[in-house]
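Welcome! Please open the structure in your viewer and get ready to select a few residues along the way.

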Amino acid sequence: MKPTAHRDWRVSRPSRKTRVAFDQTTALGGLTVALFAYIVYHFIYPLISKGLLW
């Protein structure tokens, strides 16, 4: 076999760096916080405001 140089098929130019990377972990964390806020606002807060929880 003829010796050949290894070709790197990745893009050599630098990609734009973003300050905040929005990945799967960020999306799941945001959904978790939104769900928790929904539960607190619609179920826990009315019980507290009516004096039923404390």
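Here is a short tour, one stop at a time.

**The whole chain.** Before selecting anything, keep in mind that this is a predicted model. Show the protein as a cartoon: its secondary structure comes to 1 helix and 0 strands. Now switch to a surface view. The protein exposes about 6200 Å², and carbon and sulfur atoms supply 64% of that area. How much of the protein is made up of buried residues? Of the 54 residues, buried ones make up 0%, where buried means under 20% relative accessible area.

**The helix.** Next, select residues 24-49, which are helix α1. Does the distance between its ends agree or disagree with its number of residues? At 1.5 Å a residue, the 26 residues of α1 should span 38 Å, and the end C-alpha atoms lie 36 Å apart, so the two agree. Moving on past the helix, stop at Gly 51, which follows α1 and has a positive phi near 80°.

Pick out Ile 39, which belongs to helix α1. Ile 39 is partly exposed, as its relative accessible area is 36%.

**The aromatic rings.** Turn on side chains for the last stop. How is a pair of aromatic rings described? The description uses the distance of the centres and the angle of the planes. Here the count comes to 2 aromatic pairs. Select Tyr 38 and Phe 43: their ring centres are 6.4 Å apart with planes at 80°, so this pair is edge-to-face. Tyr 38 itself counts as partly exposed, at 45% relative accessibility.

Now select Tyr 41 and Tyr 45, an aromatic pair that is stacked, with 6.4 Å from centre to centre and 0° between the planes. These two residues are 4 apart in helix α1, so about one helical turn separates them. Colour them by accessibility to finish: Tyr 41 is exposed, with a relative accessible area of 57%, whereas Tyr 45 is partly exposed, at 49%.

Key: Residues numbered from 1 in each chain as written. Predicted model: local features only at pLDDT ≥ 70, side-chain atom pairs only at ≥ 80, totals over all residues. Heavy atoms only, no water. Buried < 20%, exposed > 50% of the residue type's maximum accessible area, 1.4 Å probe, protein only. Areas by Shrake-Rupley, 256 points an atom, 1.4 Å probe, with all protein chains shown as cover. Expected span 1.5 Å × (residues − 1). Phe/Tyr/Trp six-rings, centres within 6.5 Å; stacked < 30°, edge-to-face > 60°.
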